[in-house]
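Please keep the sequence and the model in view while reading.

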Amino acid sequence: MRKLPIFLFFAALISFGTLTLYSKNAQPKGVKPTLPINPVALYQSDNELYFDNKLPKADVVGEEPPGDRSAGKVWLASTEHTPGSHYYKMYISPRYNPYWQDEEGSILHESCHIYVWEQVEARGGEYDDGHNEEWQDCMKSLALKNAFKSIW
Ligand SMILES: [Zn+2]
């Protein structure tokens with residue numbers, strides 16, 4: 001029993017070391033953050049795996065998304081679209097997607113926006129880029145296809 005405090009000390013030391021290691025790997029100071037995986041390849045792979053390759057080609061870039069940052073808003077990702085076209089530009093923030101699970105989650109999220117835009121505009125409607133029922137259904141269908149199995 002006298003060895004318990006020593007054991008706890010080393011267990012705490014090892015845990016702390018692990019956390020420090022991860023935080024250093026996530027965002028080294030002074031280095032411009034980059035995405036862990038090529039986002040174009042990830043979008044294409046997700047398109048094949050979960051959308052039957054029906055999503056249009058998109059410019060997928062590892063850049064900070066443009067947009068209002070007031071009131072403490074952060075943008076993990078965003079997608080620009082020219083209504084009536086099949087043009088999409090997806091921004092995935094390297095700053096807020098330091099791990100591949102973050103990046104994959106953001107690309108799947110944005111892919112559902114593209115999916116809904118394509119569906120709504122094919123019906124002659126307009127989509128406001130929100131998280132409406134159709135977008136929610138897209139995310140649920142991804143979950144049923146186990147798209148989030150390594151994220152959840
Ligand atoms: Zn969204």
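Is valine 120 buried, exposed or partly exposed? Valine 120 is partly exposed, because 17 other C-beta atoms lie within 10 Å; a residue is buried with 20 or more other C-beta atoms within 10 Å of its own, exposed with 12 or fewer, and partly exposed in between, with C-beta atoms placed from the backbone.

The model is a predicted one, in which local features need pLDDT of at least 70 and side-chain atom pairs count only at pLDDT 80 or more, while totals for chains, interfaces and linings use all residues. Residue numbers start from 1 along each chain, as its sequence is written.

**Overall organisation**

- The protein contains four helices and three strands; these are DSSP runs, numbered from the N terminus, with helices being H or I of at least four residues and strands being E of at least two.
- Read from the N terminus on, the order of elements is α-α-β-β-β-α-α.
- Of the 152 residues of the protein, 25% count as buried.
- Among contacts between residues at least 6 apart in sequence, 61% join residues at least 24 apart; a contact requires C-beta atoms, placed from the backbone, within 7 Å.

**Packing of helix 2 and helix 3**

- Two packed helices are described by the angle between their axes and the distance between the axes.
- Helix 2 (residues 39-50) and helix 3 (residues 100-122) pack at an angle of about 55 degrees, and their axes are 10 Å apart. Axes are lines fitted to C-alpha atoms, for helices over the stretch in contact, and angles run from 0 to 180 degrees between N-to-C directions.
- Helix 2 and helix 3 are therefore oblique to each other; angles under 35 degrees count as roughly parallel, over 145 as roughly antiparallel, 65 to 115 as roughly perpendicular and the rest as oblique.
- The crossing of helix 2 and helix 3 is right-handed. The term applies if the near helix is turned clockwise from the far one by less than a right angle, and left-handed applies if anticlockwise.
- Helix 2 contributes Pro39, Leu42, Tyr43 and Asp46 to the contact, and helix 3 contributes Glu103, Glu104, Ile107, Leu108 and Ser111.
- The residues of this contact comprise five nonpolar, one polar and three charged. Here Ala, Val, Leu, Ile, Met, Phe, Trp, Tyr, Cys and Pro count as nonpolar, Asp, Glu, Lys and Arg as charged, and the others, Gly among them, as polar.

**Packing of helix 3 and helix 4**

- Helix 3 and helix 4 pack at an angle of about 125 degrees, with axes 9 Å apart, which makes helix 3 oblique to helix 4.
- Helix 3 and helix 4 cross in a right-handed manner.
- On the helix 3 side the contact involves Leu108, Cys112, His113, Tyr115, Val116 and Gln119, which meet Glu134, Trp135, Cys138, Met139 and Leu142 in helix 4.
- Eight nonpolar, two polar and one charged residue make up this contact.

**The largest nonpolar core**

- In soluble globular proteins, nonpolar side chains tend to be buried together.
- The largest nonpolar core has 24 residues, of which Met90, Ile92 and Tyr115 touch the most other members. Such a core is a set of buried Ala, Val, Leu, Ile, Met, Phe, Trp, Tyr and Cys residues joined through C-beta atoms within 7 Å.
- At least two residues of this core come from each of helix 2, strand 3 (88-92), helix 3 and helix 4 (133-144).
- Helix 3 supplies the largest share of the core, seven residues.
- Beyond its neighbours within four places in sequence, isoleucine 92 has contacts that include Leu35, Pro39, Val60 and Ile107.

**Individual residues**

- Histidine 113 is located in helix 3 and counts as buried because it has 21 C-beta neighbours inside 10 Å.
- Not counting residues up to four places away in sequence, histidine 113 touches Thr79, Asp129 and Trp135.
- Valine 120 also belongs to helix 3; leaving aside neighbours within four places in sequence, valine 120 is in contact with Gly125, Glu126 and Tyr127.
- Most residues other than glycine have a negative phi.
- Aspartate 52, although not a glycine, has a positive phi of about 50 degrees, and asparagine 53, also not a glycine, has a positive phi of about 60 degrees.
- Aspartate 52 lies in the loop between helix 2 and strand 1 (59-61) and counts as exposed, with 8 C-beta neighbours inside 10 Å.
- Asparagine 53 is found in the loop between helix 2 and strand 1 and counts as exposed, with 9 C-beta neighbours inside 10 Å.

Key. Two residues are in contact if their C-beta atoms, placed from the backbone, lie within 7 Å.
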